[in-house]
Amino acid sequence: MPPSHPPRIPPPPWVIDLKNLPANKPRPTSAAVPDPPGFTNSSGSKKSTKQGGPTPTDPSETDDLFLKKAWEIALAPAKSIPMNAIMMYMSGNSLQIFSIMMTAMLFMNPLKALSSVNATFARFDNERTHARLWPVKLAFIALQLATIALGIWKVNGMGLLPTTYSDWLAWETERKPMEFSAPAFQVLSSN
Amino acid sequence: MRLLSRLWLPCLILNVVSVLAIFKDDAYHTDWHIPLIGPSIAASTFFHRPNAESRASLIYTLTTRSILAAINPKDGELVWRQPLAESNGTGIACGGNGIIVSATGSAVASFDAANGRLFWENQFSSKIVDLGVTATNAVVVLFEDGAVRLLKEQTGDVAWEWNFVDSTDVPISLHVAESTVTVALSHISKLHLTTLSLATGREVGSPLSVAGHPDIPSTHRALHGDDVLSWTERSGSILKFMPLAPTPAPAFVDIPQDVIETTVVALKDRIAVHYKTGANSWVDIFTVDAGTAVKHYSLQPKAGAHSAISLSTSGDVTYLVWTSTDETLLYDTNRPEILETYPHPQGQSVNATLAISEVVARLDGSWAMRSFVSSWALGFVGDTHLIRNGEIAWTRPESLSSIVASTWVELLDPTTEGIVEDLNVETHTSIGAAYIHRVKRHLNELAEYGPDWVKALPQRIYNAFLSVENTESERTGKWKDFFGFRKFAVVVTAEGGLAAIDVGKNGEVVWKASLVSPPVKFAGISGIYEVRKGTVAIVAADGEYIEYDAFEGNELLRAELGAPALTSALVDTPSETKAVVVILDNGKSVVLPPSPDLGPVYLSIKESSRLVKGLRVTGLSHHPETTWTFVPPASEEITSVVSRPVHDPVASIGRVLGDRSVIYKYLNQHLLVITTINPTLSTASVYILDAVSGAVLHSATHSGVDTSQPIRVGVSENWVVYSYFGDDDVVSTPGGAAKGYHLVVSELYESEFANDRGSLGQAANVSSLTGAGKPYVLSQSYIFPSPIEAFAVSSTKQGITAREILILLPGTAGIYTLPKRIIDPRRPVGREPDNAEKEEGLFRYQPVIEIDPRSIITHERKVLGLKKMETTPAELESTSIVFAYGLDLFGARLAPSMTFDMLGKGFGKIQLVGTVVALAIGAAVVAPMVRRKQINSRWSAM
């Protein structure tokens, strides 16, 4: 390390900024600053009532709400199935980039959803709702499977399912003849 | 599958257009054509000026293949050629003022000497003996029945006719003078010379008689003009000749016993007589003086069985050109001394059988001499050469015009040939051991060849980009090129010559050999086969089995079979080698090389026009058993027997229909197609047999057939295509046969129903003897706008590429390729195809097949006389190689589904690499800029 100091250069602005932090003043609370005249804080009043009245909620009520919410989530795919079906029907059976992408989505989304069934319903899951969530989950899985079935129907329509003889033709072999023959009627004369 | 078929469909539709043609830049590069005319006839070969104004003369020749041609003496190219009526190798051609007149058989024709255009043609009932052209281009013709006719120069119509009365007279020759024509007739022991006026056809003066009794037919060749009459007497022991004069006096010479050929050549006042024995030849020169021939001098005999003489006049001097095997000698006919000796270049000896010459004295005292020579070699007759002052200026391989058979020879692959043993080890050990062996081999190879390969890499890349030259020409000799476009066709000529033609290299002759030794005449060939890698076997009809090295042309083996060969076949033996089975005249069979392990092989033989027979041959027994016979119904004659090609791989055993179901092809290795005609009922029948059991699988009879026109058949895979001429006028048929050439296609399927493999179900084996089932046959008939000379089917390595039918069109029309799809019998008739059919690639049936000129693979060339087409696969799946012979030779590459496995010439290598390089450079330049900008933008955001 050479002993000579580099020429003194002024520190960059950010260093100055960092060193001279403004005084950390607390933000004025709403209570401290009076509302302007004529302003009525409706939300504030609500909040205040909530805050003010900590009424203990009934846990069964919450669970019902949870289940209701869970059912809503579970049945959401049912709403998209008709739309998907119409789209699939309309897009035709030709192999084009859009129909291929749409069909791929029909498989991707349900599979993703199926792999995270528990995570989807985790926030509604507690000791009490656990047992009652089963039918919800089953309905959810069934609907996802229905979407997949729609995809399979579409893929079949596109002719991508190996369900016919022609799909297995390449694996069928010619019958081996048991005898050997050779043509021998080649009579070539000198003229 | 459906995915594939969907992806294929647009390609197929595109192909409808594209398969019709090869790339334009490939035409005339990947195909070649050698136009041939055949061996020249001595008396009808001459130098002649195409018209009076022209200074240069052309070579005109009439050949034994009845082709009249004009050859440019400069380069040997054909100026024009005209096929004439066939006449067993004889014919006369004469030159007139701007015209060439020919006579073959009983037809006379006059052609424009400059361009070969036909002026007129006249057909007579009697054969033509001699012909002369008058100064005004009128043609005097002497007929076999003794009539002399003058044909008008403009139209060829008969101007006058003269008939002699005595039927014992035999016409000999015709001699045209300025205003008269002299007819020589042989009458018992006299020669009558009658002179006729050209203007009127009346006799001028009284006929002259000369004592003489000419040999008829004669072995003597008279190659002289009209001024001399020559003949032999007493079975060729005396040669007489006389100049035609008011008081003719024949000169005669005794011919020694051992002379086999004498030739008289006359020009102006000189007559040269050429004698040939088996060992040497000599020449006598006679001078004509006041109507009598006087012997001038005799030239010393020259050793050698082959030589030819010709006379040429220039100025006042008449020169004699004597062409022997190793040298050409020039004499002045006034003196017996040699003027000039022109030795032929080393190794280019010419066995001349006929020669015509032109000699011009130069100012400096030397001579300019050129001779057109037809040569003879064992098995190769009629090659023509032009010898210019001793140098062989060009050569035309006319002997290859008589090819009768050919076989393909696979060349060696340089990459595998050296490691054949290693590869064998790998195929014969267990998978694990083979894998280890292979890895070791690759490591060894990497160590051995790797550094060189890396070193050569820049050069290779450089070549690939910049050199225009195609890399396919890099390998020569017996080594295969990278794509396998080079293949040898080993051919046999009618005279017993054997030659290897490099089909991938413009038909170059690689080697020549002869199957016969001099005294024996070639008896014909019963079969030619590639029996092993690089070995061809020939079965000669006289019962000889000969093996040749296909790359060098050395004889490897010659075996006598003991009896003339009736027929032969190439069979596979259990030890994965091939053997030739020969059925001999005496009913025995021979297997060569002897293979006792050869199991029963079934051969089918056309015994006569009423019998096809199946034979069972084994390696042990020498007595083939007859297993079945096929006798067609009464009064039917068998015209052809055809089977599937030896190499006929099938890529898919079924056919996918539009609804994704499959109809299975009836694939029978033993398919045998027999066509018969019934001239009394005017019907043609086609029988499809199983060659092992002899069972008739299918038959069809067509009525209203012109049985005088041949029926042609092509077979491949599971289909048969044949053609006949349908004519309702021959015999009226209930439905009425469309008049024209019918092209019928029949496809054989295992079952009528889709997804059904027929009676055998999923069986893995099939035996014809226990029942191979009967096919379900779909047929459709089309009208083809041209007669068909022959069918062939394109052949590719795996059979994946669509097949194309090669149709040989008659005359000079060439070879037409018809995609098999076009004549699909499933094409919907009378309606538009529905969606499923469209998906299958079917389109509406239309009875007439139009000939698309773009599908003619001979392009604009006028190919002539092709008789047979042979196809073989190249190394690339897309490509099939074609070789056609008969008179001309033609070779081409076929890519029925386009060259999908090869980049075309138009592929922009430089463009592609340039784009990549430019992008890489761009990225390298832009990347730091972008990085800096991103950092700056982060900071400026603070």
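Predicted model: local features only at pLDDT ≥ 70, side-chain atom pairs only at ≥ 80, totals over all residues.

Colleague: Now the interface. How many residues of chain A and of chain B are in contact?

Modeller: On the chain A side there are 34 residues, and they are in contact with 57 residues of chain B. The two chains bury about 3800 Å² between them, and 53% of that area is on carbon and sulfur atoms.

Colleague: How many salt bridges and polar contacts are found across the interface of chain A and chain B?

Modeller: A salt bridge is read from a distance, with a cut-off of 4 Å between a side-chain nitrogen of Lys or Arg and a carboxyl oxygen of Asp or Glu. The rule finds three salt bridges across the interface of chain A and chain B. One of them joins A:Arg175 to B:Glu750, with 2.9 Å between the closest N and O atoms.

Colleague: Which strands of chain A each supply at least two residues of the side that touches chain B?

Modeller: Those strands are E1 (176-177) and E2 (180-183) of chain A. E2(A) gives the largest share, four residues. By residue class, the side of chain A that touches chain B has 16 nonpolar, twelve polar and six charged residues.

Colleague: Which strand of chain B is joined to E1(A), and do the two run parallel or antiparallel?

Modeller: E1(A) is joined by two bridges to strand E57 of chain B, residues 765-766, and the strands run parallel. Within E57(B), B:Val766 is the bridge partner of A:Pro177.

Colleague: Last, the backbone. Is the peptide bond from B:Leu592 to B:Pro593 cis or trans?

Modeller: For a peptide bond, read omega. From B:Leu592 to B:Pro593 the bond is cis, and omega is near -10°. B:Pro593 sits in the loop between strands E44 (589-592) and E45 (601-608) of chain B.

Colleague: Is phi of B:Arg660 positive or negative, and where is B:Arg660 found?

Modeller: Phi of B:Arg660 is positive, near 70°, in a residue other than glycine. B:Arg660 lies in the loop that runs between strand E49 (654-656) and strand E50 (662-664) of chain B.

Notes: Residues numbered from 1 in each chain as written. Chains lettered and ligands numbered in written order. Heavy atoms only, no water. Contact = heavy atoms within 4.5 Å. Buried area = accessible area lost by both parts, 1.4 Å probe. Nonpolar A, V, L, I, M, F, W, Y, C, P; charged D, E, K, R; others polar. Pairing = 2+ DSSP bridges.
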